Amino acid sequence: MRKTFLPFSKPSIQEWEIQAVADVLRSAWITTGPKNADFEVAFSRCTGAEFSIPMTSETAVMQVLARAFDLKPGDEVITPSMTWVSQPNVICLNGAMPVFVDCDRDTLMITADRIEAAITPRTRLIVPVHFAGGVLELDKIRAVAAKYGVPLIEDAAHALGAEFKGERIGKRGNVMFSFHPIKNITTGEGGMFATDDKALADRVRSLKFHGLGVDAYDRQTHGRAPQAQVVEPGFKFNMPDMQAVLGITQLKRLDEMNAQRGAISNLYRQRLSEIEELTPLARPAYDYKDSYHLMVVRLDPDKAGMSRDEFMAALKALNIGTGLHFRCVHGQKYYREKFHIPAGMLANTEWNSERILSLPMFPGMTEEDVNDVIDACKQILSGK
Ligand SMILES: Cc1ncc(COP(=O)(O)O)c(C=O)c1O
């Protein structure tokens, strides 16, 4: 058994990055300022996005977009139930209805066919999720969105650095990213909206900062016009510079950190082939580049003779941390009571929701760490 606890995730922040944050703290400007402007440039260079707008979280990005797209009661938003609760919650907070679409059983992503089948005259947005490091089949999903004239907003919380057919996620369309501490880069908390739509970018910039019709920081004036007036009521979701500077330093290390994640993932996949009770996610067959965000496996409870929750508890007792991405949204109290989705309607989502867990995955994990995880799994499953 491991002597020390192996967490399921750990941010990778080096001394020079801490120094960069300290420099901002010692400077005269700690809220949205020059480091935000530099972060936008660096992010656009990394993803190819025309406009990159930092905010306090991806959930905040979704709230701003709900406003920008005028989401209102009676509207429907097509999205997976196999996701984090943040975006369905924002949909509900705006009085609209999440229309949950079942995911593929082995990639945990929703597909163009299933999205098309869920479209009605009330569909206002399509919000699919690039899952765990895998990438949605974007050309088909874009074609469905275009066919019905419904805006597509990609949830790329897990997909920074990932690519579809040679193009980075974020280069095209409307894409949301998260910088929560378990993500591929972190700013403590934080999010980014990437878009190629200038009018939408201008509106989002204004909405993220009180609806003042200006950004929280203007590069030319090194501040913002004090005379700015409210054009429409907006939010207060601008990112402080002490976080933006961390975004800049982390972005410099993105490729290196994703490569480390990739090596860990390959090692896991080799070793997991020795354990018949655990199955990793399938890799999509189309041309894409993974971001290796999470190492999700499914436990076969019949073969294991125990539930997923019991297995996670047993791993914890052996000093191995795990995560759960995700407990299906429609199975959670509020959604169960409000939407009454019959059992079996989202069969793949429910099947996985009972079986998935995320094994430790973060840059800096060693081969020995992976071996410890595999040994612990084997020990539990052999009943010794
Ligand atoms: C798929 C997905 N979407 C959205 C979010 C929300 O991101 P944030 O925590 O930055 O609001 C997360 C965060 O965990 C996520 O995993």
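What follows is a set of questions and answers on how the terms apply to this predicted model.

User: How do you know which features of this predicted model count?
Analyst: Local features need pLDDT of at least 70 and side-chain atom pairs count only at pLDDT 80 or more, while totals for chains, interfaces and linings use all residues of this predicted model. Residues are numbered from 1 along each chain as its sequence is written, and side-chain values use heavy atoms, with hydrogens and water left out.

User: Why is M192 called buried?
Analyst: Buried means under 20% relative accessible area, exposed means over 50%, and partly exposed is in between (1.4 Å probe, protein chains only). M192 has a relative accessible area of 0%, so it counts as buried.

User: Where is M192 found, and what is it in contact with?
Analyst: M192 is found in strand β9 (residues 191-195). Strands here are DSSP runs of E with at least two residues, helices are runs of H or I with at least four, and both are numbered from the N terminus. Contact means heavy atoms within 4.5 Å. Leaving aside neighbours within four places in sequence, M192 has contacts that include F39, F43, I53, V61 and F177. M192 and E40 are 152 residues apart in sequence, with 8.9 Å between their C-alpha atoms.

User: What makes N36 buried?
Analyst: Its relative accessibility is 2%, so N36 counts as buried. N36 sits in helix α2 (residues 34-47), and beyond residues up to four places away in sequence it touches P54, M239, P240, D241 and A244.

User: What makes E17 and R253 a salt bridge?
Analyst: The rule wants a side-chain nitrogen of Lys or Arg within 4 Å of a carboxyl oxygen of Asp or Glu. For E17 and R253 the N to O distance is 2.7 Å, so the pair meets the rule. E17 lies in helix α1 (residues 15-26) and R253 in the loop between α8 and α9 (254-272), so the pair ties together parts that are 236 residues apart in sequence. Both E17 and R253 are buried.

User: How do you know that E163 and R168 form a salt bridge?
Analyst: Their N to O distance is 3.9 Å, and the limit is 4 Å, so the pair counts. With relative accessibility of 18%, E163 counts as buried, and R168 is buried with 16%.

User: What about K378 and E274, buried or partly exposed?
Analyst: K378 has a relative accessible area of 31%, so it is partly exposed, and E274, at 42%, counts as partly exposed too. Their side chains meet in a salt bridge at 2.5 Å, N to O. K378 is in helix α14 (residues 367-381) and E274 in the loop between α9 and β10 (278-280), which puts them 104 residues apart.

User: How many salt bridges does the rule find, and which residues are linked in a network?
Analyst: The count comes to 24 salt bridges. E40, R205, K208 and D215 are linked in a network.

User: What are the domains, and how do you know their bounds?
Analyst: The bounds come from an automatic or database domain assignment, which gives domain 1 (15-252) and domain 2 (255-381). Their centres, taken over C-alpha atoms, are 26 Å apart. The contact takes 43 residues from domain 1 and 38 residues from domain 2.

User: How much area do domain 1 and domain 2 bury?
Analyst: Buried area is the accessible area (1.4 Å probe) that two parts lose on being put together, summed over both. Domain 1 and domain 2 bury about 3400 Å² between them, with 57% of it on carbon and sulfur atoms. On the domain 1 side, F100, R105 and N184 lose the most area to domain 2, together 18% of what that side buries. Across this interface the rule finds two salt bridges.

User: Why is D70 called partly exposed, and what is its phi?
Analyst: D70 has 45% relative accessibility, so it counts as partly exposed. Its phi is about 55°, a positive value although D70 is not a glycine. D70 is in the loop between α3 (58-68) and β2 (76-80).

User: What about N319, buried or exposed?
Analyst: At 15% relative accessibility, N319 counts as buried. Phi of N319 is near 70°, again positive in a residue other than glycine.
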